[in-house]
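The following report concerns selected local features of a single structure. The sequence and structure are shown first.

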Amino acid sequence: MIPLFGMTLSELTTVAAEVGLPRFAAKQMADWLYKKNVSATDQMTNLPKAARAKLAEHYNVGRIAPTNVAQSVDGTKKYLFGTQGRQIETAYIPEPDRATLCVSSQVGCKMSCLFCMTGRQGFSANLTTTEILNQVASIPEHDKLTNIVYMGMGEPMDNLANVLKSIEILTSDWGYAWSPRRITVSTIGLMPATVQFLQSCQAHLAISLHNAIPEQRLSLMPTEKAFPITQTVAALRQFDWTGQRRLSFEYTMFEGVNDTPQHVAAITKLLSGIRCRINIINFNAIPNSTLQGSTRNKMEQFRDMLNQRGFTATIRNSRGSDIFAACGLLSTMEKNKTNLIQQQ
């Protein structure tokens, strides 16, 4: 069966023609899928019964429920979804004034960042648009969401077509009608996909920086060799960041690795003159890693030094530390559990 959920209006128009419906029926289907959140084609009651029967022969809605959920004492929830023979993670992060969903874009990841549990899984597959949006629509809190960040498993720019398609559905008036300012996409700086993303939509961009000294960044992020951060920033300077669209840099701090005044100086040199935010992140430990997070005191000193140099730097609160906070850790635990059962 072919899922309707995750189709654009033009694709739904093609489906409508296939089952003998007029063009305007595509908008009716989109309304059922993205505004009324139906789970079956038979629930699209303003479509003729005969057309619904034809739809049901080859199409379904295609949404699936999460297979598991872990809840933190701070209210954060991590949902697992079964897809393509593996588990992907989605994190729901409630706060007093907002509720953010962190979605995955791939099953595993190719980028092999030293501090990332998902990278250890290797790459299995790109998520389809259906599978990306299913994370948004199929959690109980879907109607409470105020923000979406593509910061879960995988590298979004390595699955750009499906990421852009999902954002089109999220932001179109026939879809979820969200403002693109409620959406942030994170990347290590994959080029030229990042430039294509900036030219194609108005969602915010977050760059995984973690070290502004190229040779040191390479030891953390092997993709620095193919996509040097200096070239990424040079490309970003060609865009206008003076409006509402936000550019931010993610900086996870590791004890004795990237947390010295030398690293503040390197960030200042790299990002001088570009309007951006710097989000300082506490490292969520992963098994068998020599990396350790910097102390809170050192993180605060680092933030203050950046702010003194004219940047807007903040420390992101760590959430869900009691439910395998590191991205990819919960799904890895589930994968290991499944492998153990199969071996018995």
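## Polar contact and surroundings of Asn-37

In this predicted model, the side chains of Asn-37 and His-142 form a polar contact at 3.4 Å. The loop that holds Asn-37 runs between helix H2 (25-34) and helix H3 (49-58).

With neighbours within four places in sequence left aside, His-142 is one of the residues in contact with Asn-37. Trp-32, Arg-63, Ala-137 and Tyr-176 are also in contact with Asn-37 on that basis.

## Cis peptide bond at Pro-192

The peptide bond between Met-191 and Pro-192 is cis, with omega at about 5°. Pro-192 is placed in the loop between strand S10 (183-187) and helix H7 (193-200).

## Positive phi at Ser-112

Ser-112 is not a glycine, yet its phi is positive, at about 60°. This residue belongs to the loop that links strand S7 (106-108) and helix H4 (117-121).

Is Ser-112 buried, partly exposed or exposed? Its relative accessibility is 41%. Buried requires a value under 20% and exposed a value over 50%, so Ser-112 counts as partly exposed.

## Positive phi at Asn-288

Asn-288, likewise not a glycine, has a positive phi of about 55°. The residue is located in the loop between strand S13 (277-282) and helix H11 (296-308).

The relative accessible area of Asn-288 is 78%, and the residue is therefore classed as exposed, the cut-off for that class being over 50%.

Notes. Residues are numbered from 1 along each chain as its sequence is written. This is a predicted model: local features need pLDDT of at least 70, side-chain atom pairs count only at pLDDT 80 or more; totals for chains, interfaces and linings use all residues. Side-chain values use heavy atoms; hydrogens and water are left out. Helices (H or I, at least four residues) and strands (E, at least two) are DSSP runs, numbered from the N terminus. A polar contact is a pair of N or O atoms within 3.5 Å; within protein, one must be able to donate a hydrogen and the other to accept it, and residues adjacent in sequence count only if both atoms are side-chain atoms. Contact means heavy atoms within 4.5 Å. Buried means under 20% relative accessible area, exposed over 50%, partly exposed in between (1.4 Å probe, protein chains only).
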